[in-house]
Amino acid sequence: MNRDELLDELTQDILAYVMHGSFSDRHVVSEIAPDALDERFHDYERLVRLHFILRPAVVDFVESLPEQLRRIKTQTQNTSRRTRGSVDGRINWGKTLQARHSRNPDDRSLFVCEHRTESYDIDENLVLKRLLSIIYTTLDEAEPYLRRDYKWITDRWRESTDLIERMRELFERNVHVRRIRSPASYEPTPRMLQRAADSRSELYRTAARLLGDYERSVDGDEAAIRSLLETTAITPDDDETLFELYVLFRYVSAIEELSDDSVELQTIESATQEVARLSQDGTEVVLYHNNSGGDRGLKFFSDVSEKDREDLSRTELIQRESRRVANTYFLDDEFSDATGRPDVIVLEISADDRREYLITEVKNSTRPETIRGGIKETLEYLAFLQQDETFVYDDPAFGTGWNGVLVVQDLEDTETASLDEQRSIRILQASELEERLSTVVERVLSR
């Protein structure tokens, strides 16, 4: 599968990806499942907010604010105040005489004075304040991504943080914005949004439109989510990571095919983390991306260093000595003994504490030497997998034959064995994942 085909297969799950990458110039969301999106993603609203501030329309809106705020609307209000012995404001003689008559007609020290005040708390301004608050808060939440200087941040925010700082200063110090009260939790109401949408001012019409789009996205509206991702979906720049992401989402789909529930997706913001989790009927399935699952006591260590000299073959002797040389150079014991890390691990824990693993290596290649290297690596991961300092697979060292998967690109004009004919591990081509991966997952989960 080429890059275009991989992009075509991405679903709304791409919302969770916020690592190195850029915005695609193609439509990448082929499928939207609008039901219970807030339950599917561990931090759904935060993800929506992050993608929302990446919309070109939002960035353009922020750029235009300094000029637009000069024409902000206010409402003049008249208030009356009773004073005694002094005049504070314009005297309202009608109300003054009425007040004296009702209290003491001979009291000529009593006055009712009128004051004219400017109120910023009109419907349109409350819509504006809510939108600015969302953008301001989300920019603070995005600080870790700003520090990493991701391309998708700099692409939208003009390759510098100047615009971001201007937005922050505007929200904190602009006299007009500060005078607008903070909207209550239930505000702005639909009536307020409609007033802003019908305004003759472009500032308020745009604010109403953007805030409406945001609220529909948070509510999981299919059209709103699709529109949001069409301009803000972040995809890996390199084909290898994109291929891994495609495999990762195929695992999510395979797990869901075998369950009555949907998995909960974590925000994918590092290369070594838990990505998805499913708990059902006392069984827990956890999906890791490029991680050895260290927080669950998993390690990948060779046992060669523990053997005596006479028990080693020449191949093992070279392997041990090379690690010792590396250890004296890097001064890091873990570096010398650990294998690499597989790209995906599926971890299942049952109610009776039985644990089963499905380890996957991904090779975005069709070269025979690369596939042979992938086979060796996958076998090493299985053979050296340790749980709490104990090897998981002893006899045989590679598990049942269904515990390791190597995913490669599609091979042309090459006859390959069926799943049942393969041994030790299972090798799947990219185009076979949708049809065959659920079979592999089911064999592991049903043990």
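**Close-up views of a predicted model**

**View 1. Contact between helices H11 and H12.** In this predicted model, Leu193, Ala196 and Ala197 of H11 meet Tyr204, Arg205, Ala208, Leu211 and Glu215 of H12. By class, the residues of this contact comprise 6 nonpolar, no polar and 2 charged. H11 covers residues 190-197 and H12 covers residues 202-218; the two helices pack at an angle of about 140°, and their axes lie 7 Å apart. Because an angle counts as roughly antiparallel when over 145 degrees, H11 and H12 are classed as oblique to each other.

**View 2. Contact between helices H3 and H6.** Helix H3 (residues 44-52) packs against helix H6 (residues 123-141) at an angle of about 100°, with 9 Å between the axes. The range of 65 to 115 degrees counts as roughly perpendicular, and H3 and H6 are therefore roughly perpendicular to each other. From H3, the contact draws on Arg46, Arg49, Leu50 and Phe52; from H6, on Leu131, Ile134, Ile135, Thr138 and Glu141. The residues of the contact of H3 with H6 divide into 5 nonpolar, 1 polar and 3 charged.

View 3. Gly220 occupies the loop between H12 and helix H13 (222-232). Is Gly220 buried or exposed? Its relative accessibility is 7%, so Gly220 counts as buried, the criterion being under 20% relative accessible area. Gly220 and Tyr44 are 176 residues apart along the chain, and their C-alpha atoms are separated by 9.6 Å.

**View 4. Polar contact of Thr360 with Tyr251.** Thr360 belongs to strand E11, which spans residues 355-363. With a relative accessibility of 0%, Thr360 counts as buried. Its side chain makes a polar contact with the side chain of Tyr251, at 2.3 Å.

**View 5. Aromatic pair of Trp93 and Phe111.** Across the whole structure, a search finds 4 aromatic pairs. In one of them, the ring centres of Trp93 and Phe111 are 6.2 Å apart and the ring planes stand at 75°, so the pair is edge-to-face. Trp93 is part of helix H5 (residues 93-103) and Phe111 is part of strand E4 (residues 110-119), so the pair ties together parts that are 18 residues apart in sequence. Trp93 counts as partly exposed at 47% relative accessibility, whereas Phe111 is buried, with a relative accessible area of 13%.

**View 6. Aromatic pair of Tyr136 and Phe171.** Tyr136 and Phe171 form a stacked aromatic pair, with 4.5 Å from centre to centre and 20° between the planes. The pair links distant parts of the chain, with Tyr136 in helix H6 and Phe171 in helix H9 (residues 162-173), 35 residues apart. Tyr136 is buried, with a relative accessible area of 16%. Phe171 is also buried, with a relative accessible area of 16%.

**View 7. Overview for locating the close-ups.** The protein contains 18 helices and 15 strands. Of its 447 residues, 49% are buried. Among contacts with a separation of 6 or more, 68% involve residues 24 or more positions apart.

Conventions: Residues numbered from 1 in each chain as written. Predicted model: local features only at pLDDT ≥ 70, side-chain atom pairs only at ≥ 80, totals over all residues. Heavy atoms only, no water. Axes fitted to C-alpha atoms, helices over the stretch in contact; angles between N-to-C directions. Helix = DSSP H or I, 4+ residues; strand = E, 2+ residues; numbered from the N terminus. Parallel < 35°, antiparallel > 145°, perpendicular 65-115°, else oblique. Contact = heavy atoms within 4.5 Å. Nonpolar A, V, L, I, M, F, W, Y, C, P; charged D, E, K, R; others polar. Buried < 20%, exposed > 50% of the residue type's maximum accessible area, 1.4 Å probe, protein only. Polar contact = N/O pair within 3.5 Å; in protein donor to acceptor, adjacent residues only side chain to side chain. Phe/Tyr/Trp six-rings, centres within 6.5 Å; stacked < 30°, edge-to-face > 60°.
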